[in-house]
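Please read them with the model open.

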Amino acid sequence: MNRRAHPAPAEAARVPAQTRSGEPAREAGHPAGVPAARGEHTHGERPIPGARPAVQRASVRGQILDALRTALAGGELTPGEVYSAPALGERFGVSATPVREAMQQLALEGAVEVVPNRGFRIVRRGARELAELAEVRALIEVPVVMRLARSVPAERWAALRPLAEETVRAAALGCRATYAEADRAFHRAVLALAGNEQLVQIAEDLQRRAVPLHGGRADLVADAGEHAALLDALIAGELDVVRRLVAGHFATAG
């Protein structure tokens with residue numbers, strides 16, 4: 001009698017379980033102990049060396065999103081005009097897919113509108129809409145800044161001086177896109193002192209929507225000057241001046 005009619009335990013562990021059809025339950029190349037998902041056909045393929053990680057695609061989409069925001073703030077994309085993803089992809093040297101995904105994000109932010117079978121229309125904001133956005137920003141930011149003015153020590157306000165100076169330098173260049181980024185960084189840093197990330201995100205979204213595509217270098221310089229004056233008042237603890245400056249900052253926005 002053959003005493004090895006059945007495989008030893010160690011050998012049995014290497015024998016794949018059989019399905020009712022007699023085929024192995026685990027396809028070749030599938031990790032041991034991990035069942036193949038229904039509909040998954042590996043056909044014994046080996047992993048592709050150097051396959052592009054998914055994070056790279058997200059990185060490209062993020063870079064295109066930043067580039068599109070810069071183009072919007074700088075007035076390079078004309079309000080009311082429709083742009084297709086393939087055309088913008090050619091402009092940025094990428095495929096249409098990351099452009100389309102970035103434009104979908106801008107649509108959620110209200111910067112563009114989807115035009116079926118054509119592309120994306122750049123939103124044209126009128127004076128009334130810009131004034132409404134400025135009012136909403138004031139309703140959110142003025143009370144927060146006043147609360148912070150009563151509690152944040154002078155040295156923490158002084159630490160924001162480089163950001164205020166950066167807005168002044170950006171304004172001197174006369175580039176709206178460069179200034180918009182420096183302006184967002186300053187406001188973001190001020191509101192971050194409240195320790196409320198949701199507040200920061202909502203305020204930044206409103207700020208992106210409220211960027212006007214008109215006005216020249218003088219407007220930017222005046223706006224940046226208000227940042228420096230506001231910091232001076234915050235450091236000095238002059239609450240009345242802080243209130244006047246921060247309220248006026250939004251009253252003149254747009």
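1. Accessible areas here come from the Shrake-Rupley method with a 1.4 Å probe, and for residues only the protein chains shown count as cover. On that basis the chain exposes about 15500 Å², of which carbon and sulfur atoms supply 55%.

2. This is a predicted model: local features need pLDDT of at least 70, side-chain atom pairs count only at pLDDT 80 or more, and totals for chains, interfaces and linings use all residues. Residues are numbered from 1 along each chain as its sequence is written, and side-chain values use heavy atoms, with hydrogens and water left out.

3. The chain has 11 helices and three strands, where helices (H or I, at least four residues) and strands (E, at least two) are DSSP runs numbered from the N terminus. Their order along the sequence is α-α-β-α-α-β-β-α-α-α-α-α-α-α.

4. Of the 254 residues, 33% count as buried (under 20% relative accessible area; exposed is over 50%, partly exposed in between; 1.4 Å probe, protein chains only). Among contacts (heavy atoms within 4.5 Å) with a separation of 6 or more, 64% join residues 24 or more positions apart.

5. How do α7 and α8 run relative to each other? The axes of α7 (residues 161-173) and α8 (residues 176-192) come within 8 Å and cross at roughly 165 degrees. Axes are lines fitted to C-alpha atoms, for helices over the stretch in contact, and angles run from 0 to 180 degrees between N-to-C directions. The two helices are therefore roughly antiparallel (the term for angles over 145 degrees). Residues of α7 including L163, A164 and L173 meet a set in α8 that includes Y179, F186 and A189.

6. R184 lies in α8 and is buried, with a relative accessible area of 7%. Its side chain makes a polar contact with the side chain of E181 (2.9 Å). A polar contact is a pair of N or O atoms within 3.5 Å; within protein, one must be able to donate a hydrogen and the other to accept it, and residues adjacent in sequence count only if both atoms are side-chain atoms. Leaving aside neighbours within four places in sequence, R184 is in contact with E204, Q207 and R208.

7. Is H249 buried or exposed? H249, in α11 (residues 239-251), counts as buried because its relative accessibility is 8%. Beyond its neighbours within four places in sequence, H249 touches H187, D223, E226 and H227. The H249 side chain makes a polar contact with that of E226 (2.4 Å). H249 and D223 are 26 residues apart in sequence, and 7.4 Å apart in space, C-alpha to C-alpha.

Terms used
Angles under 35 degrees count as roughly parallel, over 145 as roughly antiparallel, 65 to 115 as roughly perpendicular and the rest as oblique.
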